[in-house]
Amino acid sequence: FYIRKKATLPILEINLNKDGKLDYNYNKTSLTGATITISMKDVETGIYKITNGVCTYDSTNYTIDYQFTKRNTTYVGRYEVEFKVTNRQGTIILPLRDKIFVTVLDSIVESDFCC
């Protein structure tokens with residue numbers, strides 16, 4: 001996943017039913033009322049840029065979405081992302097197998113430019 005420095009779009013979206021081999025088995029579990037958070041850690045420094053950011057769940061598409069803020073993308077770098085899903089059954093950290101990375105790229109425009 002790639003996003004520009006100080007950008008808020010695109011929205012990060014993870015599908016809970018990726019394929020038969022990597023199925024997270026949440027299609028039969030109700031996530032209504034579950035707490036879903038995101039953490040994003042800098043790969044080089046190990047410092048967290050986001051800790052327990054609030055995510056939304058779309059029950060029709062079985063996706064977890066996160067809307068970045070400008071503060072989340074202020075520094076260029078590569079970040080490891082994990083989602084924590086907590087409901088009545090317990091807590092699970094996604095992804096289960098493969099890691100998810102977000103790369104913040106340098107912006108082509110100066111967003112702090114003032115007239």
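Which ring does the charged end of R78 sit over? The views below come from a predicted model, in which local features need pLDDT of at least 70, side-chain atom pairs count only at pLDDT 80 or more, and totals for chains, interfaces and linings use all residues. Residues are numbered from 1 along each chain as its sequence is written, and side-chain values use heavy atoms, with hydrogens and water left out.

**View A. R78 and the ring of F101.** The charged end of R78 lies over the F101 ring, 3.8 Å from the ring centre. A charge sits over a ring if NZ of Lys or CZ of Arg is within 6 Å of the ring centre and within 35 degrees of the ring normal.

**View B. The stacked pair F1 and F68.** The structure holds two aromatic pairs (ring centres of Phe, Tyr or Trp, its six-membered ring, within 6.5 Å; planes under 30 degrees apart are stacked, over 60 edge-to-face, the rest tilted). In one of them, F1 and F68 are stacked at 5.9 Å centre to centre, with 25° between the planes. F1 has a relative accessible area of 31% and is partly exposed, whereas F68, at 2%, is buried (buried is under 20% relative accessible area, exposed over 50%, partly exposed in between; 1.4 Å probe, protein chains only).

**View C. The edge-to-face pair Y66 and F68.** The ring centres of Y66 and F68 are 5.3 Å apart, with 85° between the planes. Y66 is buried, at 7% relative accessible area. Ring pairs join F1, Y66 and F68 into a cluster.
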